[in-house]
Amino acid sequence: MAAQTPPGSGLSPAISARESSLCNGISPWLSPLAMVATIDLALKGYLGELKVLDRENLPADGAVLLAPTHRARWDALMLPWAAGRRITGRDCRFMVTADEMKGLQGWFLHRLGCFPVDQGRPTLTSLRFSVELLAAGQQLVVFPEGRIRREDGPIRLHQGLARLALLAAREGVDVPVVPVGIAYGHADPRPGDAAALCFGPPLRAAGQGRQAALAFSAELASAMESAEQAARGVVGRPIGSP
């Protein structure tokens with residue numbers, strides 16, 4: 001019997017087979033429940049006013065690679081709130097570290113479209129699956145800083161996202177990389193803090209090799225800083241303030 005595409009997955013049988021080696025895909029029953037619990041109850045219950053800037057920079061369809069700053073665990077909820085299924089009609093697929101995919105949290109992440117990657121040395125399987133998701137018009141989220149950074153200072157990126165964007169471009173997949181700045185009223189968000197998310201103008205990677213990856217990472221870091229400055233201004237905490 002021929003392999004069947006899982007209902008509602010939007011992925012071909014071949015991509016679904018590769019997905020099964022990394023995670024469990026997106027559960028059609030758990031995903032809507034998780035949306036209510038995490039966004040409607042947790043995010044909106046803990047934080048105050050939520051704002052989105054420059055949403056017109058977020059492509060309405062086709063492949064998109066979101067590259068957000070990483071300032072708090074709330075970031076992983078801010079992105080689906082601002083760019084997830086309720087807004088764009090498609091889910092945010094997250095690349096996360098292997099450690100995040102363990103324990104009870106990991107059980108949920110495995111069923112909410114997340115999959116593991118080592119950004120310092122991404123495996124061919126994770127890179128290949130990521131390119132296939134993008135070729136299928138999916139929305140992929142990668143935190144290129146690799147960890148939460150609460151202190152101000154120059155943004156330093158791992159090369160995993162740049163390598164992925166360059167690989168996709170070489171394979172003919174047009175992938176806009178959207179820098180995203182996320183900000184909160186305090187470095188460690190407090191109950192009732194305002195929060196803002198800013199979508200920067202899309203970038204596109206080109207070239208080959210290490211120098212091309214370094215050049216694109218530098219361009220992306222600068223764009224992420226600009227998006228973060230805009231978001232920080234909206235919450236009344238410009239960069240350089242406590």
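Rings of Phe, Tyr and Trp (for Trp, the six-membered ring) count as a pair if their centres lie within 6.5 Å; planes under 30 degrees apart make the pair stacked, over 60 edge-to-face, and the rest tilted. By this rule there are four aromatic pairs.

Before selecting anything, note that this is a predicted model, in which local features need pLDDT of at least 70 and side-chain atom pairs count only at pLDDT 80 or more, while totals for chains, interfaces and linings use all residues. Residues are numbered from 1 along each chain as its sequence is written, and side-chain values use heavy atoms, with hydrogens and water left out.

**Stop 1: two ring pairs**

Select Trp107 and Phe108. Their ring centres are 5.1 Å apart and the planes stand at 85 degrees, so this pair is edge-to-face. Burial is judged by relative accessible area: buried is under 20%, exposed is over 50%, and partly exposed is in between (1.4 Å probe, protein chains only). Trp107, at 37% relative accessibility, is partly exposed, and Phe108 is partly exposed with a relative accessible area of 34%.

Next, select Phe115 and Phe129. The ring centres of Phe115 and Phe129 are 5.0 Å apart with planes at 80 degrees, so the pair is edge-to-face. Helices (H or I, at least four residues) and strands (E, at least two) are DSSP runs, numbered from the N terminus. Phe115 belongs to strand β4 (residues 115-116) and Phe129 to helix α6, so the pair ties together parts that are 14 residues apart in sequence. Phe115 and Phe129 are both buried.

**Stop 2: strand β3 and its partners**

Select β3 (92-96). Five of the five residues of β3 are buried, so this strand is largely enclosed by the rest of the structure. Show the side chains: Cys92, Phe94 and Val96 point one way from β3, and Arg93 and Met95 point the other way. In a regular strand the side chains alternate between the two faces of the sheet.

Which strands pair with β3? Two strands pair if DSSP finds at least two bridges between them. Strand β5 (residues 139-141) pairs with β3 in the parallel sense over three bridges, and Gln139 in β5 is the bridge partner of Cys92. Strand β4 runs parallel to β3 and is joined to it by two bridges; here Phe115, from the ring pair above, is the bridge partner of Met95.

**Stop 3: strand β7 and its partners**

Move to strand β7 (residues 195-199), where five of the five residues are buried. Ala195, Leu197 and Phe199 lie on one side of β7, with Ala196 and Cys198 on the other. Strand β1 (residues 50-53) pairs with β7 in the parallel sense over four bridges, and Lys51 has Ala196 as its bridge partner. β6 pairs with β7 in the antiparallel sense over five bridges, with Val180 and Phe199 as bridge partners.

**Stop 4: the nonpolar cores**

A nonpolar core is a set of buried Ala, Val, Leu, Ile, Met, Phe, Trp, Tyr and Cys residues joined through side-chain atoms within 4.5 Å. Select Leu65, Leu140, Leu161, Leu164, Val177, Phe216 and Leu220, which have the most contacts inside the largest core, a set of 36 residues. β2 (64-68), α6 (124-135), α7 (160-170) and α8 (209-234) each supply at least two residues of this core. A second, separate core has 31 residues, among them Met35, Leu50, Val178 and Leu197.

**Stop 5: the largest pocket**

On a 1 Å grid over the protein atoms alone, a cavity is a set of points where a 1.4 Å probe fits but cannot get out; a pocket is an open set with protein on both sides within 12 Å along at least five of seven lines; lining residues have an atom within 4 Å of a point. Grid points are joined across faces, edges and corners, and a volume is the space filled by probe spheres set on the points.

Select Ala76, Leu77, Phe94, Leu109 and Cys114, which lie nearest the centre of the largest pocket among its 33 lining residues. The volume of this pocket is about 980 Å³. The largest share of its lining, six residues, comes from α2.

**Stop 6: the largest cavity**

Two cavities of 30 Å³ or more are counted, and the largest cavity holds about 50 Å³ of space. To find the largest cavity, select its lining, including Arg71, Arg150, Tyr184, His186 and Glu228. β6 gives the largest share of this lining, three residues.
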